[in-house]
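Take a look at the structure below.

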Amino acid sequence: QVQLVESGGGLVQPGGSLRLSCAASTSVFSILDMGWYRQVSGYEREMVASISSDGSIKYSDSVKGRFTISGDNAKKLVSLQMSRLVPEDTGVYYCHADTISWYTNEPYEAWGQGTQVTVAS
């Protein structure tokens with residue numbers, strides 16, 4: 001099993017900043033990449049940012065230049081620094097990891113429990 005525990009989130013005014021962190025715990029899975037998705041009620045979950053084990057990074061167009069993802073693969077940690085937040089960034093943010101089993105080589109997708117981010121004045 002892979003467990004993802006998130007921290008951070010909350011209420012912030014437009015233009016403000018927040019930092020989300022996620023720690024993965026697993027002893028029999030290798031992490032291929034970690035990242036963050038967000039979901040607004042009534043809409044599909046969308047990728048915000050991801051970082052792979054080789055360091056390659058992806059951002060959604062809506063957050064480029066405002067959000068920064070960082071990760072420590074050895075410590076199984078990933079963080080998302082969110083700056084210049086706008087109301088459209090409001091949603092539930094989920095930590096995500098693509099992993100592979102050491103024993104079976106089967107892929108496994110893990111999700112955190114989600115943390116609410118609200119941008120409002």
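A search of the whole structure finds 4 salt bridges. A salt bridge here is a side-chain nitrogen of Lys or Arg within 4 Å of a carboxyl oxygen of Asp or Glu. The model is predicted: local features need pLDDT of at least 70, side-chain atom pairs count only at pLDDT 80 or more, and totals for chains, interfaces and linings use all residues. Residues are numbered from 1 along each chain as its sequence is written, and side-chain values use heavy atoms, leaving out hydrogens and water.

Start with Arg-38 and Glu-46. Their closest N and O atoms are 2.8 Å apart. Arg-38 is buried, with a relative accessible area of 5%. Glu-46 is partly exposed, at 35%. Buried means under 20% relative accessible area, exposed over 50%, and partly exposed in between (1.4 Å probe, protein chains only).

Next comes Arg-66, which forms a salt bridge with Asp-89 at 2.7 Å between the closest N and O atoms. Both residues, Arg-66 and Asp-89, are buried. Salt bridges with shared partners join Arg-38, Glu-46, Arg-66 and Asp-89 into one network.

Now the sulfur link. A disulfide (a pair of cysteine sulfur atoms within 2.5 Å) joins Cys-22 to Cys-95, with 2.1 Å from S to S. Cys-22 lies in strand 3 and Cys-95 in strand 9, 73 residues apart. Strands (E, at least two residues) are DSSP runs, numbered from the N terminus. Both cysteines, Cys-22 and Cys-95, are buried.

Where is Gly-35? It sits in strand 4. Gly-35 touches residues including Ala-49 and Cys-95, where contact means heavy atoms within 4.5 Å.

Technical notes. Helices (H or I, at least four residues) and strands (E, at least two) are DSSP runs, numbered from the N terminus. Lists of a residue's contacts leave out its neighbours within four places in sequence.
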